[in-house]
Structures are given as structure tokens and as C-alpha cells.
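Reader: Could you take me through one part of this model up close? I'd like the strands first, and then whatever surrounds the ligand.

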Amino acid sequence: MRGRKNSIRKAEIGDRYDQFMGIWQGGWTMDCETVAVIGAGTMGSGIAQSIARAGMKVVLVDVGQQLVDKALGQIEARMNKEVEKGKMTAEEKGHVMKQIQGSVELENLKGADLVIEAAVEDLQTKADIFKSLNRLCSPAALFATNTSTLSVTLLGALSGRPDRFMGLHFFNPAHIMKLVEVVPGLTTSTEAVQVGVEFVKRLGKTPIVVQDCPGFVVNRILLPYVTEAFVAAGEGVSPTEIDDAVRKAGFPMGPLELSDMVGIDVSLHTFPILHDAYGDRFPVPPLPRKLCEAGRLGVKTKGGVYKDGKVDNEFRLLLQGLQSNQTATNVTFTAERLIVRQVNEAVYCLQEGIASAVDIDKAMVLGTGFPANKDGVGGPLHWADEKGLDHVLSMLEQYKELFGSRFWPHPLLKNYVHAGYVGRAAKRGFFTY
Ligand code: NAI
């Protein structure tokens with residue numbers, strides 16, 4: 001690691017905790033030359049590949065040699081395809097592979113400047129890993145977690161080095177997806193965040209700094225929309241009608257197709273966590289549990305909401321059991337029902353200072369494929385500006401009457417409308433035009 005003082009010396013400004021923003025003003029910066037990735041599963045192997053591809057050395061650690069070998073094999077196979085397509089030469093591939101060292105010993109990452117943990121989503125496992133790392137690694141090394149649902153602040157506190165700890169939340173597939181949410185905990189230093197941001201840029205990816213909250217920005221805004229799709233399906237709206245409507249609205253795929261791809265079990269794990277965090281705005285839809293109980297986890301089990309690309313009888317039977325517990329409505333389904341759930345949650349994030357309006361939208365475009373123009377400008381807040389904030393507010397009010405409080409419009413949205421900031425038509429909404 002190359003550490004250096006920057007022009008603002010810590011002694012000059014002192015140690016100042018800004019409890020509100022969770023920022024410690026110090027004065028150092030560093031470059032990450034050797035990075036370690038803990039956990040060589042779906043995410044760890046993609047993250048390690050991105051790091052090696054960017055020219056850094058990476059140690060990839062898992063609990064068994066077979067797991068490490070499997071990950072190295074997957075990385076090589078992915079790059080073989082790139083060689084076949086002419087996107088890299090065989091020589092370049094060989095060089096990238098040499099940058100990656102597989103290991104089953106945490107000891108082997110002693111010299112790392114940055115350690116990214118991508119082990120299973122379990123608090124105790126992650127806490128144990130960071131405690132061991134804190135003993136092994138240099139005091140200057142930075143720690144990051146790829147957790148999707150756990151508190152970065154809590155993991156930072158458990159790690160023993162909360163000021164040098166952050167979330168680096170990659171998206172799947174990590175070797176392809178450009179977005180990384182950089183998540184400071186309440187006690188993460190400004191400098192650590194800057195190093196995280198620079199590191200992500202060096203990977204050729206887009207860092208978005210997001211305050212620590214359950215779901216961060218992308219999953220927090222995506223989940224209400226996915227939930228609404230499962231609720232609508234539970235009411236008897238056909239999955240193809242839901243997914244077709246959303247695709248017609250410009251999304252690359254529908255929320256139920258997406259859930260099948262990600263894994264219904266993954267959604268099932270996440271719904272209760274966000275419900276615990278935010279309450280009734282994040283209801284837990286019953287359909288995903290039914291699907292998992294029937295062994296329908298999505299693409300990986302060759303059946304989820306869809307089987308062979310179709311809605312089959314088994315799915316219809318699962319629904320029958322559900323519909324008796326749900327209030328079916330006669331309302332015509334439109335994609336707006338799902339999208340206004342994203343907009344409203346985006347307004348919550350905006351009001352709470354989780355990220356700026358620009359960053360919220362950028363994260364949703366890059367992380368979920370929310371429709372955007374050719375310059376990449378789009379996202380739920382831009383969508384609301386185009387539709388008119390008065391229209392969005394009226395949709396939320398109507399859906400609140402029909403479906404309940406999860407559609408309760410955020411007061412900030414009302415204030416925008418009161419002020420006449422109703423979107424592009426008024427030249428001012430969440431953005432100015
Ligand atoms: P995975 O199950 O594919 O891989 C986890 C790996 O961690 C396994 O190979 C396991 O053997 C290893 N592991 C478990 N305990 C370990 C230990 N003590 N030391 C070293 N390795 C250990 O899981 P996946 O999907 O790669 O997820 C990893 C993390 O990334 C989780 O925190 C998850 O929430 C997060 N994440 C997952 C995304 C996804 O789409 N799969 C997206 C973004 C974040």
C-alpha cells in the first residue's frame with residue numbers, strides 16, 4: 001500500500017465527528033494495489049475477475065479448495081468466451097488469471113490493502129471473518145462488505161475498525177454490472193469512502209455513494225415494485241399481463257421474470273428484512289413462499305413463476321390457495337401501479353438524504369435497467385417528472401384508497417405539487433429543465 005498525507009492535515013482540522021452525516025474529517029488517501037476477496041461464490045468470483053481485469057492483484061479466499069478451484073474455473077471460462085468473441089487476447093487472459101491467487105487460508109491476505117467480504121449473507125459468519133481479518137491485516141488496510149441486507153454500521157462496529165469499513169455493494173453478474181453502491185457506515189471516515197470511490201472507478205464501474213439503510217438505494221426502491229407484482233399476481237392478474245405491461249413501459253424485463261432470474265428464494269429472504277426495517281410500506285407477499293415451498297425457485301430450478309416460459313397449471317393451483325386470503329379487485333392492471341411504488345420510495349430516500357436525486361436515478365438505471373434515454377438519463381424521479389408529479393400523486397392517492405397504506409404518498413411529493421414543481425411541463429420537478 002502507498003499511503004500519503006493530502007493537503008488537509010488531520011491535525012489542522014482536528015478529529016470532528018459529524019454525527020448527522022457520519023463523517024470523520026481526517027486527512028489521508030491510499031491506493032489499493034493488492035485486494036483480497038473473501039467468499040468465492042457467485043459474487044466473489046465476479047468481483048475478483050473485475051479486480052484482476054483492472055490490473056490489480058487479488059487473493060480469492062473460500063473455505064474449501066474445491067470451491068476456490070471452481071471459482072477460478074468459472075472466471076477462466078468466462079474470459080475464454082471473451083477471447084472467442086475477440087474482446088480480449090489469450091495472452092491478456094493469461095495475464096489476468098496470473099493476477100488471481102486462490103487460497104483457503106485467511107493468512108494469505110495479510111498484505112492486502114483492501115479486503116472485500118462476499119461470503120454468505122449471515123451476520124455471525126461475516127462478523128467472525130472481520131474479527132479474524134482485524135487481527136491479521138495491517139492496521140491501515142480497509143475492509144468492505146458486499147452485504148445486501150445487513151447494516152454496514154453494525155458490521156463496521158463488529159470488525160474492530162469502524163472508521164476504515166464500508167459497504168461495496170456490487171450487482172450480479174459482478175464482472176459485468178457497472179454499478180457499485182459505496183456505503184459508508186455512520187463511523188466510516190471520509191477518506192475511506194474516497195478510497196472506495198476511486199477503487200470502484202478504477203474497476204471501470206460507476207460508484208454511487210449511498211447512506212447506510214436497509215436495502216441501500218437499489219433494493220429499497222426495487223422491492224416495493226417487485227412486491228406489488230407478486231401481490232397483483234396473487235390477486236389473479238396473469239404474470240404475463242404484469243410482465244408485458246412493464247416491458248411495454250420500457251423496462252428490459254418484467255418484475256416476475258426478473259424474480260425468476262434472481263431466484264425466488266433470494267426475494268423470500270429479503271422481503272421480511274425490509275418489512276422489519278420499514279413496516280407496512282413493505283408487506284411480505286405470500287406468493288414467493290408458496291413458490292419456494294413447491295420447490296419453484298426460478299430459473300435455477302427450471303421453474304418459478306414461469307415454467308418453460310409459460311404460466312402452468314401448477315402455478316395456477318398455487319394461486320388458488322392464496323386467493324381466498326387476498327382481496328381480489330376488479331381494477332384494470334397497469335404498469336403504473338408498480339412504478340409509482342418505486343417513485344414514492346425514491347422520494348423517501350431523497351427526503352432522508354440517502355442519496356441525491358441524480359444518484360438515485362442513476363443507480364436505478366444502472367442497477368435495474370429502469371428505462372433511460374440514449375444519454376442514460378432516466379429512473380423513477382425522471383419518470384415522475386415526465387408524467388407530472390400531480391399525476392403521480394393522484395395515482396398514489398387512488399391506489400391508497402384501493403389497496404391500502406403502502407401507497408401513502410410521501411409528504412415531500414405533496415409539497416412539490418403545492419409549490420407547482422410538477423415536473424418537465426412546469427420546467428421544475430425533482431430536476432430543473
Ligand atoms: P454464494 O453462496 O454464491 O457464495 C458465498 C461463498 O462464501 C461460498 O462459496 C461460501 O463457501 C463462502 N463462505 C462461507 N463462509 C465463508 C468463510 N468463513 N470464509 C470464506 N468464505 C466463506 O453467495 P453470493 O450470492 O455470492 O453472495 C455473497 C454475498 O454477496 C452475500 O452477502 C450476498 O448478500 C451479497 N450479494 C449477492 C448478490 C447476488 O445476486 N447473489 C448481489 C449483491 C450482493
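Which residue in strand 10 is the bridge partner of F143?

Author: That would be F165, the bridge partner of F143 in strand 10. Quick housekeeping before we go on: this is a predicted model, where local features need pLDDT of at least 70, side-chain atom pairs count only at pLDDT 80 or more, and totals for chains, interfaces and linings use all residues. Residues are numbered from 1 along each chain as its sequence is written, and side-chain values use heavy atoms, with hydrogens and water left out.

Now, the strands. Strands here are DSSP runs of E with at least two residues, and helices are runs of H or I with at least four residues, both numbered from the N terminus. Strand 9 covers residues 142-145; L142 and A144 point one way, F143 and T145 the other way, and all are buried (under 20% relative accessible area, 1.4 Å probe, protein chains only). Strand 9 runs parallel to strand 10, joined by 3 bridges; two strands pair if DSSP finds at least two bridges between them. To get from strand 9 to strand 10, the chain passes through helix 6 (residues 152-159) in a right-handed β-α-β crossover. Right-handed means that, with the strands pointing away from the viewer, the path from the first strand over the helix to the second runs clockwise.

Strand 9 also pairs with strand 8 (residues 114-117), again parallel, through 4 bridges. Here L114 stands opposite L142. The chain goes from strand 8 through helix 5 to strand 9, and this β-α-β crossover is right-handed too.

The shell has 21 residues around the ligand, and M43, D62, E121, K126 and N146 come nearest (near means a heavy atom within 4 Å). By type, the shell divides into 9 nonpolar, 9 polar and 3 charged residues; Ala, Val, Leu, Ile, Met, Phe, Trp, Tyr, Cys and Pro count as nonpolar, Asp, Glu, Lys and Arg as charged, and the others, Gly among them, as polar.

As for atom pairs, a polar backbone atom of T42 is 3.0 Å from an oxygen atom of the ligand, and N172 has a polar side-chain atom 3.3 Å from a ligand oxygen. Taken alone, the ligand exposes 830 Å², and the protein buries 75% of that (Shrake-Rupley areas with a 1.4 Å probe). Helix 2 (42-53), helix 5 (123-136) and strand 10 (165-170) are the elements that give two or more residues to the shell.

Definitions and conventions:
A polar contact is a pair of N or O atoms within 3.5 Å; within protein, one must be able to donate a hydrogen and the other to accept it, and residues adjacent in sequence count only if both atoms are side-chain atoms. Buried means under 20% relative accessible area, exposed over 50%, partly exposed in between (1.4 Å probe, protein chains only).
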